[in-house]
Amino acid sequence: MYRPLPKELRLGFSEIHDLGVFAKEFIPKGTNFGMTHLQFGENLIRTPLGGFINHSDDPNCEKAKLKFTKDKNFLFNKWNLITIKDIKEGEELTLTYTFYKL
């Protein structure tokens, strides 16, 4: 069954900006929540996870870039969200924006 967010996460009102992504339970450092963004050429697509995570100068997550090449005519990049700190239940997940200007 399709889930817009991993089962451990929920959307909620953020003190940073509007809506954010929050932990429904304790999440250990090193957890990979899957894809946040996908890039084909100049086109950048955000998943629900990538669309609601907020910026922080002291983030608890980071994006890990994965490159895929089927052949020289088909290249795309994918970014996954990975926790870089333990995250407490109720805590907002954040990362440092690299695609957008604040």
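The side chain of Thr 47 reaches the backbone oxygen of Met 35 at 2.9 Å, a polar contact in the sense of a pair of N or O atoms within 3.5 Å, where within protein one must be able to donate a hydrogen and the other to accept it, and residues adjacent in sequence count only if both atoms are side-chain atoms. This is a predicted model, in which local features need pLDDT of at least 70 and side-chain atom pairs count only at pLDDT 80 or more, while totals for chains, interfaces and linings use all residues. Residues are numbered from 1 along each chain as its sequence is written, and side-chain values use heavy atoms, with hydrogens and water left out.

**Two loop residues**

- Thr 47 sits in the loop between strand 4 (43-46) and helix 1 (48-52); helices (H or I, at least four residues) and strands (E, at least two) are DSSP runs numbered from the N terminus.
- Thr 47 counts as buried because its relative accessibility is 18%, the classes being buried under 20% relative accessible area, exposed over 50% and partly exposed in between (1.4 Å probe, protein chains only).
- Not counting residues up to four places away in sequence, Thr 47 touches Met 35 and Thr 36; contact means heavy atoms within 4.5 Å.
- Ser 14 is found in the loop between strand 1 and strand 2 and is buried, at a relative accessible area of 14%.
- A polar atom of the Ser 14 side chain lies 2.9 Å from the backbone nitrogen of Ile 16.
- With neighbours within four places in sequence left aside, the contacts of Ser 14 are Leu 19, Gly 20, Phe 22, Asn 54 and Glu 92.

**Sheet and hairpin**

- An open sheet of 4 strands runs in the order 1-2-8-5, with mixed pairing; two strands pair if DSSP finds at least two bridges between them.
- Its edge strands, strand 1 (9-13) and strand 5 (54-55), each pair on one side only.
- Strand 1 pairs with strand 2 (residues 19-23) in the antiparallel sense over 5 bridges, and Leu 11 has Val 21 in strand 2 as its bridge partner.
- Strand 3 (residues 32-40) and strand 4 are also paired in the antiparallel sense, over 4 bridges.
- Strands 3 and 4 form a hairpin with 2 residues between them, and Gly 41 in the turn has a positive phi of about 60°.

**Two strand residues**

- Leu 44 belongs to strand 4 and is the bridge partner of Gln 39.
- The relative accessible area of Leu 44 is 32%, so Leu 44 is partly exposed.
- Leu 44 and Asn 77 are 33 residues apart in sequence, with 9.3 Å between their C-alpha atoms.
- Glu 62 is part of strand 6 (residues 61-71) and is partly exposed, at a relative accessible area of 43%.
- Beyond four places in sequence, Glu 62 is in contact with Asn 80, Leu 81, Ile 82 and Ile 84.
- The C-alpha atoms of Glu 62 and Glu 8 are separated by 17 Å, the two residues being 54 residues apart along the chain.

**Largest pocket**

- The largest pocket holds about 190 Å³ of space, and 16 residues line it, of which Arg 46, Gly 50, Gly 51, Ile 53 and Tyr 97 are the closest to its centre.
- A pocket is an open set of points on a 1 Å grid over the protein atoms alone, where a 1.4 Å probe fits, with protein on both sides within 12 Å along at least five of seven lines; lining residues have an atom within 4 Å of a point.
- Helix 1 gives the most to this lining, with 3 residues.

Conventions: Grid points are joined across faces, edges and corners, and a volume is the space filled by probe spheres set on the points.
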